[in-house]
Amino acid sequence: MMKDLFSLDGRTALVTGGSRGIGKMIAQGFLEQGAKVYITARKAPQCDQAAEELSQYGSCVSLPHDLSTVEGCEALATELKTHELKLDILVNNAGAAWGAEFDEYPESGWDKTMDLNVKSLFFLTQKLHGLMKAAASEDRPGKVINIASIDGIKINPWETYAYQASKAAVIHLTRRMAARLINDNICVAGIAPGAFASEMNKAAKDHGDAVADMIPAKRIGRPSDMAGVAVFLASRAGDYVVGDTLAVDGGVAYSQIGQAWG
């Protein structure tokens, strides 16, 4: 029993924002543990290329869609239903950020960030609820994993107002969704990443050593760190984690000496 605790054999997953960064790290981890993985991203060429690269680890399928609207979420759910009758794992990772000084912060940046990071997360899960209920059971619950950020736990130095507010909202929304969906044998949990090299976190990507000096663990996150916690939550090992959001940040969020670089 214990040797299969982290296995995802026979499970099907959808990872949004799966063509790069944290989403791609998670997709690879799922594939290496035996899952069939669908990835989605707004830009079709990049999504297709990422799926081709990830296919060396297992069965990975590209489903490009723009999730910034409820209509886009519904379109993705509709297409997925042409491929699958059930869905075991949903990772809500697609997100956006916007930085500007307080007096100049635009409504367009606020709306783009909040819509994709919070609104679309909720409505995509809603649209896939039927597929997930079809797969879930008491012995093998379905899993929804929402990607938040340590910026939702502890403010960072940057003027990314909507981003930080949206990630705090994701953490609380994760709790509320968990309270409801556990009734359908679906466990909802979250991950709050810290500094991982990605296009969204250019500081960690381009200045990793400098960022590492401000992290208690003295390094930025590795792909295996992100894949590991996602596999834990998605597998049988995480079946009793309901509503919590795990900080994966080398100690930043809960340390007095760390600065938030998520």
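Select helix 9, residues 223-234. Helices (H or I, at least four residues) and strands (E, at least two) are DSSP runs, numbered from the N terminus. Helix 9 has 12 residues and reaches 16 Å from its first C-alpha to its last, close to the 16 Å expected at 1.5 Å a residue; the expected span is 1.5 Å times one less than the number of residues.

The model is predicted: local features need pLDDT of at least 70, side-chain atom pairs count only at pLDDT 80 or more, and totals for chains, interfaces and linings use all residues. Residues are numbered from 1 along each chain as its sequence is written, and side-chain values use heavy atoms, with hydrogens and water left out.

Next, colour the buried residues of helix 9: Met 226, Ala 227, Val 229, Ala 230, Val 231, Leu 233 and Ala 234. Buried means under 20% relative accessible area, exposed over 50%, and partly exposed in between (1.4 Å probe, protein chains only). These buried residues pack against helix 1, strand 4 (89-92), strand 5 (142-147), strand 6 (186-193) and strand 7 (245-248). Contact means heavy atoms within 4.5 Å.

Axes are lines fitted to C-alpha atoms, for helices over the stretch in contact, and angles run from 0 to 180 degrees between N-to-C directions. Angles under 35 degrees count as roughly parallel, over 145 as roughly antiparallel, 65 to 115 as roughly perpendicular and the rest as oblique. Among the residues making the contact are Ile 22, Met 25 and Phe 30 of helix 1 and Pro 223, Met 226 and Ala 230 of helix 9.

Now move to helix 4 (residues 107-127) and helix 6, whose axes come within 9 Å and cross at roughly 15 degrees. Helix 4 is therefore roughly parallel to helix 6. To display their contact, select residues including Trp 110, Met 114 and Leu 121 of helix 4 and Tyr 161, Ala 169 and Leu 173 of helix 6.

Two loop residues complete the tour. Ser 149 lies in the loop between strand 5 and helix 6 (161-181), and at 1% relative accessibility Ser 149 counts as buried. Its C-alpha is separated by 27 Å from that of Leu 80, 69 residues apart along the chain.

Asp 239 is found in the loop between helix 9 and strand 7. Beyond its neighbours within four places in sequence, Asp 239 is in contact with Asp 139, Pro 141, Lys 143 and Cys 187.
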